[in-house]
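Me: I'd like to learn how to read a protein model feature by feature. Could you walk me through one?

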Amino acid sequence: MKMESSRPKFAKILVFVVGLSHLIMPMLSVILDKQVRTVDVEAVEGKVAEFPCDINSGQHDKVHIVFWFKDDAGIPLYSFDVRGVGTSEGRHWSAPGVFGPRAHFRAAPPPAVLLLKDVKRHDEGIYRCRVDYRNTQTVSFRYNFTVIVPPGIPLVIDRSTGALNSSSLGPKEEGDDLLLTCTVQGGRPSPTVRWLVNGILVDVEYEHNTGDVIENRLSWPAIGRQDYGSIFTCQAINSPLVEPKEASFTLDMNLKPLTISIAKTEGVLSAGRRYVTKCTASGSRPAAIITWHKGKRQLKRTKDETKDNVTISELTFVPSIDDDERLLVCRAENPNLSTFLETSWKLEVVYPPQVSLALGNTLSSDDIKEGDDVYFECHVVSNPPWRKLTWMHNGALVNHNTSARVVRSNQSLVLQKVTRQSSGRYSCSAINPEGETISDEFILRVKYTPICKNSGPVAIGAARGEELLVTCEVDADPPARSFKWKFNNSGETMDVGANKFTSNGSLSILRYVPLADLDFGTLSCTAINDVGNQMSPCIFQLVAAGKPQPLTNCTLNNITSGAAEVACEAGFDGGLPQHFLIEVYTNDKPDPIYNISNTEALFTVPLEIGMTLRLEVYAVNAKGRSPAAILVGVHLGDPDKQAAAEEKPQVPVWIGALIGGVVSLLILILIVACQVKRSCSNERIPRQNSGKAEPRVSPPQLPQPNLADKYSHTDLHPPNDILADDRDPDIIPVNYEPPTLYARTWGSGKNFNSDEFGSENLNSHGLVVTNRIQFNGDSSLNIQAFKEKLLDTRLPESCV
């Protein structure tokens with residue numbers, strides 16, 4: 001019974017002792033803690049704080065429990081209990097209202113540390129760590145825990161632009177003053193606000209503003225090019241545990257170009273050639289804009305390239321003569337500044353002479369007439385200077401000639417007493433090492449009185465009753481405004497009525513019909529213009545005229561393998577200028593294969609082997625053609641046969657022709673003599689019957705060869721009335737055919753029949769030429785030649 005009653009008493013005593021110990025021990029701990037050295041612990045708000053607590057007793061005693069207390073509180077806020085277990089198996093407890101899950105005690109590795117995450121500002125205070133061992137005395141550690149509150153981000157305000165929201169400061173210009181204010185709010189402890197430029201501390205003087213705001217003003221006067229790109233930093237710092245809060249800004253500046261240069265071409269420039277030059281500008285921020293100027297004009301043909309702060313502009317230009325001594329300017333300009341930098345190049349341009357021609361200042365180009373003095377001025381601009389000056393008139397060189405009244409003096413040309421020949425195109429040219437230039441042509445107009453376009457009198461052939469249109473054309477400047485016509489014969493001079501002619505400018509046409517012999521004479525016309533009357537009239541000689549007489553004695557000469565020469569004798573030209581025509585026919589074609597015209601009765605006719613030709617030769621004047629002189633059977637034989645024929649002795653052509661002509665003439669004389677004798681005999685016959693004379697016997701007609709009949713062209717013969725007018729009353733009338741020339745091939749082994757062909761001449765080329773005179777009533781005879789032949793026979797004049 002006693003044992004059971006004693007157990008409750010013991011338990012009560014134990015509880016009492018334990019409770020008493022809980023009351024005494026904190027009091028004792030406080031007393032003991034005041035004697036423990038305090039350790040300062042700092043941690044940044046929101047970061048991790050470490051409270052080191054060494055649980056090693058040094059006597060190899062085992063730890064039972066570790067308590068953490070704040071300030072003077074007797075109730076732990078964290079405990080680590082390892083009683084009865086190993087250190088790694090210790091039991092952790094954290095007061096939910098204080099640290100909660102933010103705290104954790106790390107026992108190993110040593111030293112042991114209480115880690116407090118996400119530190120709060122209210123965590124700041126005095127903390128104590130108590131370590132209880134199994135046997136050894138309890139150990140305590142004391143901590144002064146300070147929570148660091150970082151300052152706010154600095155706010156920088158520029159006096160000229162306001163708050164800076166980017167990392168760039170500016171752009172500023174050279175010489176500007178900087179005034180920057182850095183404002184920092186918050187932070188515990190209070191931060192230090194300072195300025196750094198390019199990492200170098202330049203200003204630490206700051207001041208407190210209202211509340212927890214701190215300011216630091218930086219003054220940076222007269223910034224220069226060297227400040228471009230500098231980094232201005234405002235920094236706020238209140239603990240080494242916290243990275244400084246800062247705001248950095250890079251200074252941006254508008255910078256003028258520092259240098260500019262032009263790559264000049266060596267030597268002089270030639271006008272009209274293409275050149276390329278470059279202009280380089282550096283030091284501008286932003287890159288410079290380069291422009292080119294020549295005088296007041298900006299040049300556009302450029303190509304620009306920019307690298308860093310260097311700008312290169314390439315210009316392509318073609319200098320003109322006006323660019324000599326002119327400045328080519330390259331200008332570099334910062335687009336954000338009003339100033340620029342420029343350089344220039346004085347151009348030296350060479351060029352060929354620039355030439356212009358002008359009439360003298362005192363002269364009027366519309367009022368120059370024959371006899372006036374005229375002078376020209378040749379204006380020349382050249383670089384280098386001109387060294388030779390020439391004058392041209394209608395493309396011909398004009399030289400100094402005082403006798404011709406042409407005077408050259410420096411750059412002037414003087415023409416004294418100009419004539420109509422002085423009119424025309426004048427120009428001058430100048431030469432320098434760059435070339436020669438000819439001026440524009442100046443048309444000089446020299447007015448003059450009318451003159452005839454024909455150099456001398458004009459012969460006009462006409463028949464009685466034929467209407468003529470006589471054209472009088474003059475050369476005049478200005479054109480003629482009126483004409484006068486006159487007629488003159490051996491007896492009188494009279495004016496022609498205005499109704500007989502018409503005028504148009506420098507041309508007048510007179511209608512004139514000669515009806516009698518007195519109507520043939522001289523016509524003259526005179527023109528009048530604004531300068532005056534024509535000095536020498538235009539003369540027209542009216543003569544009675546008809547068609548020309550036919551050609552005679554046509555022969556073939558100089559015959560080769562490809563051509564023959566036809567030569568004839570011309571007859572009377574009919575009173576008008578004549579020329580000559582040969583037509584070449586073949587036997588199978590009625591039209592000529594070709595014709596040849598010449599001023600002389602001499603032709604070269606092409607020949608082809610084996611082709612037989614007929615040649616017809618005419619004299620032609622304004623009244624028409626003469627009858628034809630015909631050569632038939634013109635044939636070029638085989639060259640081999642001709643060569644064989646040439647080996648035989650032959651009579652020269654001219655001898656054969658001469659013999660033939662003499663024989664023909666003798667026959668003609670005998671015929672005429674017989675006729676004359678018969679006529680004279682008839683005159684001596686006594687009158688019979690009623691005293692009437694017997695009629696005169698007509699002369700006999702000559703036989704007509706068949707060949708002539710075959711090739712006769714009666715349509716080309718002159719009219720009978722014209723032939724009648726030309727008959728001489730002293731000559732016995734006779735009908736005749738113009739002489740016809742025949743030619744045929746004469747080969748070896750063929751007999752020559754003179755009765756068939758008359759007189760023939762065989763030449764060395766196998767051509768036989770036959771001369772025969774034919775007569776008919778449609779042809780005319782050269783009466784004068786016939787008369788001379790008759791007189792040579794010494795017939796009695798009474799018979800003629």
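**Reading the model**

Reply: Let's start with a link between two side chains: Cys554 and Cys568 are joined by a disulfide, S to S 2.0 Å. Keep in mind that this is a predicted model.

Me: Which hand does the link of Cys554 and Cys568 have?

Reply: Look at the torsion about the S-S bond. Here the value is 115°, and the link of Cys554 and Cys568 is right-handed. Cys554 sits in strand β47 (residues 552–557) and Cys568 in strand β48 (residues 563–569), 14 residues apart.

Me: Is Cys568 buried or exposed?

Reply: The cut-off to keep in mind is that buried means under 20% relative accessible area. Cys568 has 12%, so this residue is buried. Cys554 has a relative accessibility of 1%, so Cys554 counts as buried too.

Me: How many disulfides does the structure hold?

Reply: There are seven disulfides. One of them pairs Cys53 with Cys129, with the sulfur atoms 2.0 Å apart. The torsion about that S-S bond is about -70°, so the disulfide of Cys53 and Cys129 is left-handed. Cys53 belongs to the loop between β2 (49–52) and β3 (63–70), while Cys129 belongs to strand β8 (residues 125–133), so the pair ties together parts that are 76 residues apart in sequence. Both Cys53 and Cys129 are buried.

Me: How far apart are the sulfur atoms of Cys182 and Cys234?

Reply: Those two form a disulfide with the sulfur atoms 1.5 Å apart. The pair links distant parts of the chain, with Cys182 in strand β13 and Cys234 in strand β18, 52 residues apart. A torsion of about -85° about the S-S bond of Cys182 and Cys234 makes the disulfide left-handed.

Me: In β13, which residue is the bridge partner of Ile157?

Reply: That partner is Thr181. The strands involved are β10 (residues 155–158) and β13 (residues 178–185), which pair in the antiparallel sense over four bridges.

Me: What should I look for in the backbone torsions?

Reply: Most residues other than glycine have a negative phi, and most peptide bonds are trans. In this model, the peptide bond from Pro110 to Pro111 is cis, with omega near -5°. Pro111 is placed in the loop between β6 (103–106) and β7 (113–116). Another cis peptide bond joins Asn383 and Pro384, with omega about 0°, and Pro384 is in the loop between β30 (374–383) and β31 (388–393).

Me: What is phi of Ala222 near?

Reply: It's near 45°, a positive value in a residue other than glycine. Ala222 lies in the loop between β17 (213–220) and β18. Arg405 is another case, with a positive phi near 60°, and its place is the loop between β32 (396–398) and β33 (406–409). At 36% relative accessibility, Arg405 counts as partly exposed.

Me: Let's zoom out. How many helices and strands are in the protein?

Reply: The protein has seven helices and 57 strands. Of its 800 residues, 38% are buried. To read the fold through its contacts, take those with a separation of 6 or more: 64% of them are between residues 24 or more positions apart. As for the surface, the protein exposes about 45500 Å², and carbon and sulfur atoms supply 53% of it.

Technical notes
Residues numbered from 1 in each chain as written. Predicted model: local features only at pLDDT ≥ 70, side-chain atom pairs only at ≥ 80, totals over all residues. Heavy atoms only, no water. Pairing = 2+ DSSP bridges. Helix = DSSP H or I, 4+ residues; strand = E, 2+ residues; numbered from the N terminus. Disulfide = S-S within 2.5 Å. Buried < 20%, exposed > 50% of the residue type's maximum accessible area, 1.4 Å probe, protein only. Contact = heavy atoms within 4.5 Å. Areas by Shrake-Rupley, 256 points an atom, 1.4 Å probe, with all protein chains shown as cover.
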